[in-house]
Amino acid sequence: MKGGRKMPAVKRMGWILLIAMFLLGACSKTPENKVYREKGLVTGKPGMNVYPGKEPGETSPRDRPYAIAPPSVPHSVASLTINRETNECLDCHLEGMEVKEGHRATKVPPSHFRNDHTGETKTGEVVGLRYKCTQCHVPQADEEPPVPQMAR
Ligand code: HEC
Ligand code: HEC
């Protein structure tokens with residue numbers, strides 16, 4: 001008696017490839033946020049996530065959402081460097097430099113010279129925890145929020 005017919009190796013490979021391609025396709029579909037989709041505001045469309053392009057000294061500080069919130073950055077941060085050697089934010093903000101009349105970089109507050117977790121304090125330079133400014137201070141895209149702000 002002969003055994004059951006085996007699928008030729010080439011045909012089998014073909015099937016495996018086809019299934020793999022199907023699975024890959026299914027995984028790579030990014031789920032879009034329902035609210036954004038309903039409002040036609042799918043991320044990536046032109047007009048979404050337009051960050052402020054104005055240079056420091058050409059903007060004004062924004063309202064803060066609550067008392068101890070880190071203020072958002074009103075000016076462009078696109079060409080500013082923060083690395084081990086350089087922190088361009090501090091060049092202006094450490095001492096509160098007046099860039100031009102009526103446009104002073106808000107001075108880094110006392111809280112940034114103290115690490116409340118370890119008790120470490122520094123004078124003249126911020127503690128490590130506060131070195132990467134853009135970790136907490138972010139620019140805001142000039143967009144209408146798709147859902148109203150509900151926080152009080
Ligand atoms: C050339 C000087 C300069 C540099 C560099 C600079 N800023 Fe500013 N920044 C300003 C000025 C001036 C203002 C006030 C608004 C204005 O006049 O544009 C300001 C405003 C701000 C504010 C709002 C402060 C408030 O009171 O609400 C934040 C936050 C801020 N900058 C963060 C940063 C961060 C983070 C960096 C680095 C990525 C940076 N800035 C680099 C000059 C500077
Ligand atoms: C871990 C988060 C964090 C980091 C990192 C951080 N900040 Fe802040 N920053 C805050 C918070 C929160 C506030 C508001 C409360 C306060 O004043 O401490 C603030 C306030 C400020 C203000 C407003 C001061 C005022 O008088 O109203 C300035 C200016 C500022 N930060 C600049 C900087 C700069 C420049 C850096 C980088 C060297 C930096 N911050 C890094 C969280 C952070």
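Start with the shell around ligand 1 and select α3 (88–93) and β2 (103–104): each supplies at least two residues of that shell. Here a residue counts as near a molecule if its C-beta atom, placed from the backbone, lies within 6 Å of it. Helices (H or I, at least four residues) and strands (E, at least two) are DSSP runs, numbered from the N terminus. The model is predicted: local features need pLDDT of at least 70 and side-chain atom pairs count only at pLDDT 80 or more, while totals for chains, interfaces and linings use all residues. Residues are numbered from 1 along each chain as its sequence is written, and chains are lettered from A and ligands numbered from 1 in the order in which they are written.

Stay on ligand 1. The largest share of its shell comes from α3, with five residues. Next pick out P56, P61, P71, C89 and C92, which come nearest of the 25 residues around ligand 1. Colour the shell by class and you get twelve nonpolar, nine polar and four charged residues. In this scheme Ala, Val, Leu, Ile, Met, Phe, Trp, Tyr, Cys and Pro are nonpolar, Asp, Glu, Lys and Arg are charged, and the others, Gly among them, are polar.

Now select H75, in the loop between α2 (34–38) and α3. H75 is buried because 22 other C-beta atoms lie within 10 Å; the cut-offs are 20 or more for buried, 12 or fewer for exposed, and partly exposed in between, with C-beta atoms placed from the backbone. Beyond its neighbours within four places in sequence, H75 is in contact (C-beta atoms, placed from the backbone, within 7 Å) with P52, K54, E55, P56, E58 and T59. From H75 to T59, 16 residues apart in sequence, the C-alpha distance is 6.1 Å.

The next stop is P139, in the segment after β2. P139 is partly exposed, with 16 other C-beta atoms within 10 Å. Leaving aside neighbours within four places in sequence, its contacts are Y51, P52, S72, V73 and V77.

Finish with the whole chain, which has three helices and two strands in the order α-α-α-β-β. Of its 152 residues, 6% are buried.

Definitions and conventions
Two residues are in contact if their C-beta atoms, placed from the backbone, lie within 7 Å.
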